[in-house]
Amino acid sequence: MIAKGQDPSNIRLGDTLADDQFADRKFDYCLANPPYGFDWKASEKAVKAERQATGARGRFAAGLPKIGDGQMLFLANMVSKMNSKSALGSRIAEVHNGSSLFTGDAGQGESNIRRWVIESVPQAHGKEVREEPPNRVEAAWKMRAGPSESAFRSGLQTTPSGCGQEPWS
């Protein structure tokens, strides 16, 4: 980013989940490759406290995944950063391993986060909140490459996905 002339103050050191250093910002475009199988135990206390304090309007309103795989928390964070007031709409793209597509039973954290992203119906403290336009998902696909060509030669299969939202009127 710096080599492209971007403002270096936009790069911040910290724990994305436990300390939202961009709490007051929304973005037109976001791109991320969150850690696969990330254990978010170190961030658990802060994430749960934020969820309790912010309720249906918070980054984690839709639910919390199992402690052993926090990549869906990164997705929820990015969706919360989408700029609904942009004249261009807002777009995000993330690369996940396959677990984000199929883990978690219906009604559990991962499933609720997927539902929130697809239907924009977060289940926040037992109440459905319908304030946003439905269906943000524009694409999700599984890469069909050989093991040496997946996830930067790690052998992991990856699932890039994209979300978008048209400008609100």
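Strand β1 gives the largest share of the lining of the largest pocket, namely four residues. The structure described here is a predicted model, and the chain has a mean pLDDT of 75, with 66% of its residues reaching 70 or more. The chain contains four helices and six strands, and, read along the sequence, these elements follow the pattern β-α-α-β-α-α-β-β-β-β. Of the 169 residues of the chain, 41% count as buried, and among the contacts between residues at least 6 apart in sequence, 63% join residues at least 24 apart.

**The largest pocket**

- The largest pocket has a volume of about 770 Å³, and of the 27 residues that line this pocket, the closest to its centre are Asn10, Thr16, Phe22, Asn77 and Met78.
- Both β1, which spans residues 29–32, and α2, which spans residues 71–80, supply at least two residues each to the lining of the largest pocket.
- When the lining residues of the largest pocket are sorted by class, 13 are nonpolar, seven are polar and seven are charged.

- Helix α2 is largely enclosed by the rest of the structure, because ten of its ten residues are buried.
- The buried residues of α2 include Asn77 and Met78, two residues that also belong to the group closest to the centre of the largest pocket.
- Helix α4, which covers residues 109–119, is mostly covered, with eight of its eleven residues buried; among them are Gly109, Ile113, Trp116 and Val117.
- Asn112 is found in helix α4, and this residue counts as buried because its relative accessible area is 14%, which lies under the 20% cut-off.
- Beyond its neighbours within four places in sequence, Asn112 is in contact with Ala62 and Gly107.

**A buried serine in a loop**

- Ser43 lies in the loop between β1 and α1, the helix of residues 44–54, and with a relative accessible area of 1% Ser43 is buried.
- Once its neighbours within four places in sequence are left aside, Ser43 is in contact with Asp15, Leu17 and Ala18.

**Salt bridges**

- Side chains of opposite charge can pair when their charged atoms come close, and the structure holds six salt bridges.
- One of the salt bridges joins the side chains of Asp20 and Arg59, at 3.7 Å from N to O. This pair links distant parts of the chain, since Asp20 is in the segment before β1 and Arg59 is in the loop between α1 and α2, 39 residues apart.
- Arg59 counts as buried, with a relative accessibility of 4%.
- Asp20 also forms a salt bridge with Lys81, in which the closest N and O atoms are 2.7 Å apart. Here too the pair links distant parts of the chain, with Lys81 in the loop between α2 and β2 and the two residues 61 places apart.
- Lys81 is buried, with a relative accessible area of 6%.
- Asp20, Glu50, Arg59 and Lys81 are linked in a network of salt bridges.
- A further salt bridge is formed by Glu44 and Lys41, whose closest N and O atoms are 3.2 Å apart. Within this pair, Glu44 is buried, at a relative accessible area of 16%, whereas Lys41 counts as exposed, at 51% relative accessibility.

**Where to read the model with care**

- Confidence in the chain is highest in α1, at a mean of 95, and lowest in strand β3, residues 123–124, at a mean of 37.
- Over residues 121–130 the pLDDT stays under 50, and for this stretch the model has 25 contacts beyond four places in sequence.
- Over residues 146–151 the pLDDT likewise stays under 50, and for this stretch the model has nine contacts beyond four places in sequence.
- Where pLDDT is low, the predicted coordinates should not be read in detail.

Conventions
Residues are numbered from 1 along each chain as its sequence is written. This is a predicted model: local features need pLDDT of at least 70, side-chain atom pairs count only at pLDDT 80 or more; totals for chains, interfaces and linings use all residues. Side-chain values use heavy atoms; hydrogens and water are left out. On a 1 Å grid over the protein atoms alone, a cavity is a set of points where a 1.4 Å probe fits but cannot get out, and a pocket is an open set with protein on both sides within 12 Å along at least five of seven lines; lining residues have an atom within 4 Å of a point. Grid points are joined across faces, edges and corners, and a volume is the space filled by probe spheres set on the points. Ala, Val, Leu, Ile, Met, Phe, Trp, Tyr, Cys and Pro count as nonpolar, Asp, Glu, Lys and Arg as charged, and the others, Gly among them, as polar. Buried means under 20% relative accessible area, exposed over 50%, partly exposed in between (1.4 Å probe, protein chains only). Contact means heavy atoms within 4.5 Å. pLDDT is the predictor's confidence in each residue, from 0 to 100. A salt bridge is a side-chain nitrogen of Lys or Arg within 4 Å of a carboxyl oxygen of Asp or Glu.
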